[in-house]
Amino acid sequence: MKIAIKDIQGKVQGELEVKFAMIENGRGTQAVHDAVTAYRAAQRSGTACTKTAGEVQGSNKKPWKQKGTGRARAGSVRSPLWAGGGVVFGPKPRDFSKTISKKTRQLALRKALSERLKLGDVVIVDGLKLASPKTKDFAGVISALELNGTTLVVSSGIDKNLTLASRNIEKVALTTSDSLNTYDVLRPDKLLFTRDAFEKVEARLAID
């Protein structure tokens, strides 16, 4: 499969042959599901925390004597039955992350990128060097490339001007080729790669 390479004015400069083995059939669908599930699970903070009867503040002294008062027996003000007492089987901080194999992650990324390429949702530019960190300049690039809706910009490395220019545009997100994952590929309406970034992603996907 070949994909057009454009400049930042939106003019076609040539074509790039996709080198990694694209997935044409239903293979990889489960891998995509597993990768997205693992990614979203890892985003959960797991900070919910309650105190048990042994952790809440309060005295160990028996509130009143066992017999003769006419009241129910009580051994502690920290009892779960009392207001301000401990919580029984309450939530504690935990790790929600799930583990998937390297091959599964790679298969999922190949499947996701293959589908986006077939749908024509991938745009590649020869370079994306901005002379200044002005948002107006970068917004002009987005407009020239006719990138409507949400867009993920994938660069080969961290570019200060690009980072500063893109951060105030609501529907644009920025990542690098090394950190690109399946969820990133599936979420936006369009994917904008620099040529170097796309070739680095291809290198990641070269080993089956």
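Helices here are DSSP runs of H or I with at least four residues, numbered from the N terminus. With that in hand, welcome to a set of close-ups of a predicted model.

View 1. Helices H1 (29–42), H2 (102–118), H5 (182–186) and H6 (195–205) each bring at least two residues to the lining of the largest pocket. The volume of this pocket is about 450 Å³. Among its 20 lining residues, Lys102, Arg105, Gln106, Leu109 and Arg204 are the closest to the centre. H2 gives the most to the lining, with 5 residues. Sorted by class, the lining holds 11 nonpolar, 6 charged and 3 polar residues.

View 2. Just after H2 comes Gly120, with a positive phi of about 75°.

**View 3. The buried face of helix H6.** Ala197, Phe198, Val201, Glu202 and Leu205 are the buried residues to look for in H6. Looking down the helix axis, these residues fall within an arc of 140°, so they line one face of H6. Covering them are elements that include H2 and the strands E2 (12–17), E3 (122–125), E4 (151–155) and E6 (190–194).

**View 4. Two loops brought together at Gly157 and Ser177.** Gly157 sits in the loop that joins E4 to helix H4 (160–166), while Ser177 belongs to the loop between strand E5 (172–176) and H5. The two residues are 20 apart in sequence, and their C-alpha atoms are 7.2 Å apart in space. Is each of them buried or partly exposed? Gly157 has 28% relative accessibility and therefore counts as partly exposed. Ser177 has 0%, and since buried means under 20%, Ser177 counts as buried.

**View 5. The contacts of Ser177.** Which residues does Ser177 touch, leaving aside those up to four places away in sequence? They are Val154, Ser155, Ser156, Ala197, Lys200, Val201 and Arg204. Two of these names, Ala197 and Val201, are also found among the buried residues of H6, and Arg204 is one of the residues closest to the centre of the largest pocket.

Methods. Residues numbered from 1 in each chain as written. Predicted model: local features only at pLDDT ≥ 70, side-chain atom pairs only at ≥ 80, totals over all residues. Heavy atoms only, no water. 1 Å grid on protein atoms, 1.4 Å probe; cavity = no way out; pocket = protein on both sides within 12 Å on 5 of 7 lines; lining within 4 Å. Points joined across faces, edges and corners; volume = space filled by probe spheres on them. Nonpolar A, V, L, I, M, F, W, Y, C, P; charged D, E, K, R; others polar. Buried < 20%, exposed > 50% of the residue type's maximum accessible area, 1.4 Å probe, protein only. Arc of directions from axis to C-beta. Contact = heavy atoms within 4.5 Å.
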